[in-house]
Amino acid sequence: QVQLVESGGGLVQAGGSLRLSCAASGRTFSSYAMAWFRQAPGKEREFVAAISRSGGNTRYADSVKGRFTISRDNAKNTIYLQMNSLEPEDTAVYYCGADRSVASVSWVSVRENEYDLWGQGTQVTVSS
């Protein structure tokens, strides 16, 4: 059974950086489109970034464009989220999700209901 495990969260000052990782078990990782979502206290989970199966296509929420970068290493069954210039508003639990029904190597979705497998989340706290 495929599992996703996030890591790399923590406490950082505003303006700092963190890199999140999401490691997947199983041999079919390269066939999944992947994404990061986040959920702040009292708010709904929201889209952050997504990457296609091949890694050649990415999408970002407007709030993180230019600050966050999503990438993947299919040889390591891992995706990453490099977060720079962090702001207190970025404080949330960050989840990685897998879209396991993707047929196209370039397809990527920003819709939460397209992702059917989730990790347990990692806390990111940005202090002002």
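Predicted model: local features only at pLDDT ≥ 70, side-chain atom pairs only at ≥ 80, totals over all residues.
**Entry 1: the disulfide**

I looked up the handedness of the link of Cys-22 and Cys-96 and found it right-handed, with 50° about the S-S bond. Residues are numbered from 1 along each chain as its sequence is written, and side-chain values use heavy atoms, with hydrogens and water left out.

The structure holds one disulfide, a term for a pair of cysteine sulfur atoms within 2.5 Å. Here the S to S distance between Cys-22 and Cys-96 is 2.0 Å. The pair links distant parts of the chain, 74 residues apart: Cys-22 lies in strand β3 (residues 18-24) and Cys-96 in strand β9 (residues 92-99). I take strands as DSSP runs (E, at least two residues), numbered from the N terminus.

Are Cys-22 and Cys-96 buried or exposed? I found both Cys-22 and Cys-96 buried. Buried means under 20% relative accessible area, exposed over 50%, and partly exposed in between (1.4 Å probe, protein chains only).

**Entry 2: the sheet with β3**

I next traced an open sheet of four strands, with the order β1-β3-β8-β7 and antiparallel pairing. Two strands pair if DSSP finds at least two bridges between them. The edge strands, each pairing on one side only, are β1 (4-7) and β7 (68-73).

How many bridges join β1 and β3? I noted four bridges, in the antiparallel sense. Ser-7 stands opposite Ser-21 in β3.

I also checked Thr-78, which lies in strand β8 (residues 78-83). Thr-78 has a relative accessible area of 8%, so I recorded Thr-78 as buried.

**Entry 3: strand β4 and its partners**

Strand β4 (residues 33-39) is mostly covered, with six of its seven residues buried. β4 runs antiparallel to β9, joined by seven bridges. Across this pairing, I found Tyr-94 in β9 as the bridge partner of Arg-38.

β4 also pairs with strand β5 (residues 46-51), in the antiparallel sense and over five bridges. The two strands, β4 and β5, form a hairpin with six residues between them. In the turn, I noted a positive phi of about 75° at Gly-42. Phe-37 stands opposite Phe-47 in β5.

**Entry 4: aromatic rings**

**Entry 5: arginines over rings**

Which ring does Arg-45 lie over? I found Arg-45 over the face of Tyr-95, at 4.9 Å from the ring centre. Arg-72 lies over the face of Phe-29, at 4.6 Å from the ring centre. A charge sits over a ring if NZ of Lys or CZ of Arg is within 6 Å of the ring centre and within 35 degrees of the ring normal.
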